[in-house]
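Biologist: Hey, I'm new to this one. Can you put it on screen and walk me through some details?

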Amino acid sequence: MPKHSIFTMAFAKVYPMYVQKAERKGRTKEEVDQIICWLTGYDEAGLRRQIERQNDFQTFFAEAPALHPNSSLIKGVVCGVRVEDVDDPLMQKIRYLDKLIDELAKGKAMEKILRVQL
């Protein structure tokens, strides 16, 4: 089966769109970074390196230190597809990230976005 084109797209090309989407809704780049780091396990320096290297999404997620254990709690629809029903593991991770950024842009509290268990 052919790879989806998003897999080979540079994360650095999409990252500014995540930031713009958040900022248009009154959120910050720092919140976007916090979400990305929470999901992937990257620290700020690691995230910067991925952006500077222009790594594609496949490499970005392959080199991620660890997907957050609570990422399985991410539910909902992105682009008409339920993220919890996506079969391809890489596409599911990309959809998780999309869903989290959508939640940020919709004004959801960071504790809820990051699936903090109280």
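Predicted model: local features only at pLDDT ≥ 70, side-chain atom pairs only at ≥ 80, totals over all residues.

Biologist: Got it. Where does Gln54 sit?

Modeller: In the loop between α3 (44-52) and α4. Helices (H or I, at least four residues) and strands (E, at least two) are DSSP runs, numbered from the N terminus. Gln54 also has a positive phi of about 60°, though it isn't a glycine.

Biologist: And what's the phi of Cys79?

Modeller: Positive too, about 55°, and again this is not a glycine. Cys79 is in the loop between β1 (77-78) and β2 (81-82).

Biologist: Cys37 is in which helix?

Modeller: Cys37 is one of the buried residues of α2, along with others including Ile35, Ile36, Trp38 and Leu39. Nine of the twelve residues in α2 are buried, so to speak mostly covered.

Biologist: What covers them?

Modeller: The cover includes α1, α3, α4, α5 (89-105) and α6 (110-113), going by contact, meaning heavy atoms within 4.5 Å.

Biologist: How far apart are the end C-alpha atoms of α2?

Modeller: They're 16 Å apart, which agrees with the 16 Å that the twelve residues of α2 (residues 29-40) should span at 1.5 Å a residue. The expected span is 1.5 Å times one less than the number of residues. After α2 comes Gly41, with a positive phi near 90°.

Biologist: Switching topic: how many aromatic pairs?

Modeller: Seven. Rings of Phe, Tyr and Trp (its six-membered ring) pair if their centres lie within 6.5 Å; planes under 30 degrees apart count as stacked, over 60 as edge-to-face, and the rest as tilted.

Biologist: Why is Phe11 with Phe57 edge-to-face?

Modeller: Because their planes are at 80°, with the ring centres 5.5 Å apart. Phe11 lies in helix α1 (residues 11-24) and Phe57 in helix α4 (residues 57-62), so the pair ties together parts 46 residues apart in sequence.

Biologist: And what about Phe11 with Phe60?

Modeller: That pair is stacked, because the planes are at 5°, with centres 3.9 Å apart. Phe60 is in α4 as well, 49 residues from Phe11 in α1, so to say a link between distant parts of the chain.

Biologist: Are Phe11 and Phe60 buried or exposed?

Modeller: Phe11 is buried at 0% relative accessible area, and Phe60 is buried at 0%. Phe57 is buried at 0% too.

Biologist: Which residues make up the cluster?

Modeller: Ring pairs link Phe11, Tyr15, Tyr18, Tyr42, Phe57, Phe60 and Phe61.

Note on methods. Residues numbered from 1 in each chain as written. Heavy atoms only, no water. Buried < 20%, exposed > 50% of the residue type's maximum accessible area, 1.4 Å probe, protein only.
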